Amino acid sequence: MKITPEYLVYNKQLHAEGRFGFTGSRWAQTIQQLCAMLNTRDVLDYGCGQRSLEKSIGFPIRNYDPAIEGLDAAPEPADLVACTDVLEHVEPECLDDVLDDLQRVTKQAALLVIANRPSSKALPDGRNAHLIQEGSGWWIPKLQKRFLIHHVHELSEEMIIIVRKPPRFAGLAVY
């Protein structure tokens, strides 16, 4: 399960109020550079919120957000996946399923931006909006189970991680 029904209601409410989902645009230039490196424009914004990445990137991309009607269908895989300011909001008990889905939809690479600090926002039930507040030592092993880590840049309040899809037959023993 990628999101519990109760948490989905909270997220729908916060998105409808315009309180979530506006930071994607700050990664538009990075996504454009990664597109050039990968020679693609096949981009999926996973957890797109208000679609600010698409509005600032200069070409159409696909968007997925389970809390926004019309963008909540399971996304098709893309060459490049942007998942920015999303993973820290995932319920801890759902994180493995979300990471598995990210692996499923990533054809070549993904840009993951993960806050490692408390949010300035609270959920309707009073919890901090960043349900997971962990550093790279906690995140990297979880990501390494699914991806090849290409780059990690840890700042005081967030991590910028670029991952690659592992080769299809990585780890396959040949006799």
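**Close-up views of the predicted model**

**View A. Trp138 is partly exposed, with a relative accessible area of 31%.** Trp139 is buried, at a relative accessible area of 0%. Buried stands for under 20% relative accessible area, exposed for over 50%, and partly exposed for the range in between, with a 1.4 Å probe and protein chains only. The charged end of Lys142 sits over the ring of Trp138, 4.7 Å from the ring centre. That label requires NZ of Lys or CZ of Arg within 6 Å of the ring centre and within 35 degrees of the ring normal.

The model is predicted: local features need pLDDT of at least 70, side-chain atom pairs count only at pLDDT 80 or more, and totals for chains, interfaces and linings use all residues. Residues are numbered from 1 along each chain as its sequence is written, and side-chain values use heavy atoms, leaving out hydrogens and water.

**View B. Two aromatic pairs are counted.** Rings of Phe, Tyr and Trp (its six-membered ring) pair if their centres lie within 6.5 Å; planes under 30 degrees apart are stacked, over 60 edge-to-face, and the rest tilted. Tyr46 and Tyr64 form a tilted pair, 4.9 Å centre to centre with 50 degrees between the planes. This pair links distant parts of the chain: Tyr46 lies in strand 1 and Tyr64 in strand 2 (residues 62-64), 18 residues apart. Helices (H or I, at least four residues) and strands (E, at least two) are DSSP runs, numbered from the N terminus. Both Tyr46 and Tyr64 are buried. The ring centres of Trp138 and Trp139 are 5.0 Å apart and their planes stand at 80 degrees, so this pair is edge-to-face.

**View C. Helix 2 (residues 28-38) has a buried side and an exposed one.** Ala28, Ile31, Leu34, Cys35 and Leu38 are buried. They cover an arc of only 125 degrees around the axis, which puts them on the same side of helix 2. The arc is taken from the directions between the helix axis and the C-beta atoms. Gln29, Ala36 and Met37, on the other side, are exposed. The buried residues of helix 2 pack against strand 1 (43-46), helix 3 (52-57), strand 3 (78-84), strand 4 (106-115) and strand 6 (158-164). Contact here means heavy atoms within 4.5 Å. Asn39 follows helix 2 and has a positive phi, near 55 degrees.

**View D. Six strands form an open sheet in the order 2-1-3-4-6-5, with mixed pairing.** Strands pair if DSSP finds at least two bridges between them. Strand 2 and strand 5 are the edge strands, each pairing on one side only. From one strand to the next, the twist averages 15 degrees. Axes are lines fitted to C-alpha atoms, for helices over the stretch in contact; angles run from 0 to 180 degrees between N-to-C directions. Helix 4 (residues 95-105) lies across strand 1, strand 3 and strand 4, at about 140 degrees to strand 4. Helix 5 (residues 136-144) lies across strand 4, strand 5 and strand 6, at about 165 degrees to strand 5.

**View E. Strand 6 is largely enclosed by the rest of the structure, because six of its seven residues are buried.** Strand 4 and strand 6 pair in the antiparallel sense over seven bridges. Ala115 has Glu158 of strand 6 as its bridge partner. Strand 5 (residues 148-154) also pairs with strand 6 in the antiparallel sense, over six bridges. Here Val152 bridges to Ile161 of strand 6, and His151 stands opposite Ile162. Strand 5 and strand 6 form a hairpin, with three residues between them.
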